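Visitor: I am new here and would like to be shown around. Could you tell me what the words mean as we go?
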Amino acid sequence: MSGGERRCPVTACRSCERAELFVEAVEARLRALLSAERDRWEMRYPSLRMGFDAVESFVLGGGKRLRPRFVFWGHEAALWGHDARRERAGGAALVDLGAAVELFHAFALIHDDVMDDSDTRRHAPTVHHRFATLHQRRGWSGERRRVAEAFAVLLGDLAFAYSTQLLSELPPRTRTLFDAMRIELHVGQYLDLVGAADAAPAHELEAQADDIGRLKTATYSVERPLHLGSALADAQHLDGCWSAYGTAVGEAFQLRDDLLDVFGDPAVTGKPVGQDLNAGTSTPLIRHTLSAASAWNAARGEGDGEPGGTEQTAALDALRRLGSGTLQGPDVAAVGVFMQACGAVSQVEARIHELIGQANRTLAEAPISPEVRHGLSAMAETAAWRDR
């Protein structure tokens with residue numbers, strides 16, 4: 001379903017080399033922070049070690065570091081033609097910003113896994129699943145699921161708190177943008193929960209479904225990190241460019257996520273398939289599929305027998321249970337076959353191509369260096385064609 005991650009086409013791209021060094025610096029900052037905090041608190045409360053170990057394992061155990069990378073590129077772009085500002089605006093402050101974005105992402109994922117009742121993330125047990133195992137192994141009191149989820153919520157909040165701490169010395173506009181990103185994510189998550197829980201008319205859910213995807217994923221994955229990087233360099237002239245590019249790449253990123261939820265290999269993605277189907281999430285892929293299923297039923301006469309073929313029968317049966325939380329691997333596979341046959345996958349792939357074209361046209365007109373343009377073009381391709 002995708003071509004994997006692609007690299008910047010510029011040979012010996014100095015900005016790309018700096019980007020990789022930046023990611024390494026962010027990793028080192030995260031490791032040093034979490035290790036120091038674990039040692040500080042463990043001296044007084046030994047039982048806290050397992051909590052910090054869980055957070056450290058989750059944060060450092062995987063992830064694409066996509067958001068810190070966009071922070072870097074937003075900063076790098078803003079410095080073009082202003083080399084004197086590089087030393088003043090970059091350095092430790094930029095690394096702290098990248099680490100803050102990654103810790104905020106960890107907070108969001110830990111809580112999201114609780115809400116989705118996911119067992120795995122990043123090729124390992126989710127935080128709440130980890131504590132459910134500890135609960136059973138150690139014979140703790142209390143209802144296992146409730147206790148485990150409480151631990152995960154608190155540890156997600158801890159990641160959020162350290163993310164906030166890292167922002168304390170950053171300029172006011174950077175903190176304001178970070179606050180906006182946090183609020184947008186929470187609003188999107190809330191609307192997603194309401195949409196899944198409330199039996200609202202389909203047209204109402206569809207009307208806000210794209211906004212939910214934008215707020216939950218697209219904005220905070222691409223657009224806001226770019227804004228944050230530029231803000232740290234005290235630059236606003238690229239804000240319009242980042243909004244246009246970020247909206248396009250962010251949507252492509254979300255659409256690829258939707259496809260990976262059905263067609264991804266858990267051994268590569270590190271998480272199970274079918275979560276959107278089980279949650280009844282109104283993604284474009286699912287909407288196209290339901291529209292096709294409705295048309296197939298209408299053409300063959302609803303109630304006059306199932307459409308021919310056991311695969312189609314299995315797919316339509318699974319689609320009737322959308323949002324029930326009962327779909328298993330074979331159900332997801334059957335729906336995937338139907339998605340491909342009815343053209344839903346082709347529609348989504350075509351939209352991804354269209355969006356990446358829009359993003360590259362935005363970059364072509366932006367007042368940025370050739371290296372940054374190539375780097376961000378490669379980032380767009382990575383977001384759109386990744387396999388995890």
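**A guided look at the model**

Guide: Let us start with tyrosine 245, which is buried, with a relative accessible area of 0%.

Visitor: Why is tyrosine 245 called buried?

Guide: Buried means under 20% relative accessible area, while exposed is over 50% and partly exposed lies in between (1.4 Å probe, protein chains only). Tyrosine 245 has 0%, so the word buried applies. This is a predicted model, in which local features need pLDDT of at least 70, side-chain atom pairs count only at pLDDT 80 or more, and totals for chains, interfaces and linings use all residues. Residues are numbered from 1 along each chain as its sequence is written, and side-chain values use heavy atoms, with hydrogens and water left out.

Visitor: Where does tyrosine 245 lie, and what does it touch?

Guide: Tyrosine 245 is in helix α10, residues 239-263; helices (H or I, at least four residues) and strands (E, at least two) are DSSP runs, numbered from the N terminus. Setting aside residues up to four places away in sequence, tyrosine 245 touches several others, including Phe70, Val222, Leu376 and Ala380. Contact here means heavy atoms within 4.5 Å.

Visitor: What makes the pair of tyrosine 245 and leucine 376 a polar contact?

Guide: A polar contact is a pair of N or O atoms within 3.5 Å; within protein, one must be able to donate a hydrogen and the other to accept it, and residues adjacent in sequence count only if both atoms are side-chain atoms. A polar atom of the tyrosine 245 side chain lies 2.6 Å from the backbone oxygen of leucine 376, so the distance is within the limit.

Visitor: How do you know that threonine 289 is buried?

Guide: Its relative accessible area is 1%, so threonine 289 falls under the cut-off. Threonine 289 belongs to helix α13, residues 284-300, and its side chain reaches the backbone oxygen of leucine 285 at 2.7 Å. Beyond residues up to four places away in sequence, threonine 289 touches Leu319, Phe338, Met339, Cys342 and Ala344.

Visitor: Which residues of α15 are buried?

Guide: They are Asp331, Val332, Ala334, Val335, Gly336, Phe338 and Met339. Phe338 and Met339 are also among the contacts of threonine 289.

Visitor: How confident is the predictor, in pLDDT?

Guide: pLDDT is the predictor's confidence in each residue, from 0 to 100. The mean for the protein is 88, and 89% of its residues reach 70 or more. Over residues 1-12, however, pLDDT stays under 50.
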